Amino acid sequence: MSVSVGRTGRTRKKSRLGYNILGLITFVIMGFPVYWMVITALRPSSEILSYDQKVWPTSVTLGQFRRAMDSPNFWDNAKASIIISAGTVVLSIAVGLIAAFAVGRFRFWGRKPLMVVLLLVQMIPATSMLIPIYIQLNDMGALNQYWGVILVYAASTLPFTIWMLRGFIINIPTELEEAAMVDGNSRMGAFWRVIFPLLAPGLVATSIYALITAWNEYLFAYVLLQDNDKYPLGVWLLNFTTSRGTDYGALMAGSILTALPVVIFFLIVQRKVAAGLTAGAVKG
């Protein structure tokens, strides 16, 4: 009996070791491009263009970051990214929360087909909708306007937002709302005092998704906006690729500066994101 237990223990250790090695290999493969981007941004231009590339930089400089930040419209484009991303998050959460509550709490005709349609909409390629969206925004006078881009981004994130928040809402017992209503609250009062605080993990998780979608999107911003000072940072990176070639050092530095705000925000709220993703996937 003890021999069998010992073999089982050794088998588990070997299996755990194999999974750890596999995880380490996966981490190296996925992390190496990020590492190369960072060291390229820290290398001097002469070393970047050298044919003798090394894994470790022989010298480190912050000149690439200074050139990136001194490039035209950097601060204007950073402000544009913040405005567009913040507007997208607020609008998609506000509309998605109301829709998710309606779908999760009320029974009405066409509710299930509506949820299926939301999934199907996510499968439509964005490029196929570019021309119709451009024409519609042009008729609305929304071209080259932040609010036009915000409307497009919010619409693209709404299906996921509704699905995600619905998973949280249906996991909150209806008895909590009923108890609050018995105590004299209206349905809306019960929602704000009882349901809304319990949705914090889900709101954070969906906000992260909407933020990343709006922050990293390129195609619609490039087409729907026309002034260089209104472009977000994703389009601003085009400044480092010209007919004379690509400034790889400044491009990598600009990419780091573009990704850094989202990474920092994610690190701040990562615990709520993990709780939100698991809680929203338990039921429904």
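Guide: Helices are DSSP runs of H or I with at least four residues, strands are runs of E with at least two, and both are numbered from the N terminus. Ser71 sits in the loop that joins helix H3 (63–69) to helix H4 (74–105). Residues are numbered from 1 along each chain as its sequence is written. The model is predicted, so local features need pLDDT of at least 70 and side-chain atom pairs count only at pLDDT 80 or more, while totals for chains, interfaces and linings use all residues; side-chain values use heavy atoms, with hydrogens and water left out.

Ser71 counts as buried because its relative accessible area is 12%; buried means under 20%, exposed over 50%, and partly exposed in between, with a 1.4 Å probe and protein chains only.

A polar atom of the Ser71 side chain lies 2.6 Å from the backbone oxygen of Ala68. The Ser71 side chain also makes a polar contact with the side chain of Trp236, at 3.1 Å. A polar contact is a pair of N or O atoms within 3.5 Å; within protein, one must be able to donate a hydrogen and the other to accept it, and residues adjacent in sequence count only if both atoms are side-chain atoms.

With neighbours within four places in sequence set aside, Ser71 is in contact (heavy atoms within 4.5 Å) with Trp236 and Phe240.

Elsewhere, the largest nonpolar core has 24 residues, and Leu97, Ile195, Leu199 and Leu203 have the most contacts inside it. Such a core is a set of buried Ala, Val, Leu, Ile, Met, Phe, Trp, Tyr and Cys residues joined through side-chain atoms within 4.5 Å. H4 gives the most to this core, with six residues.
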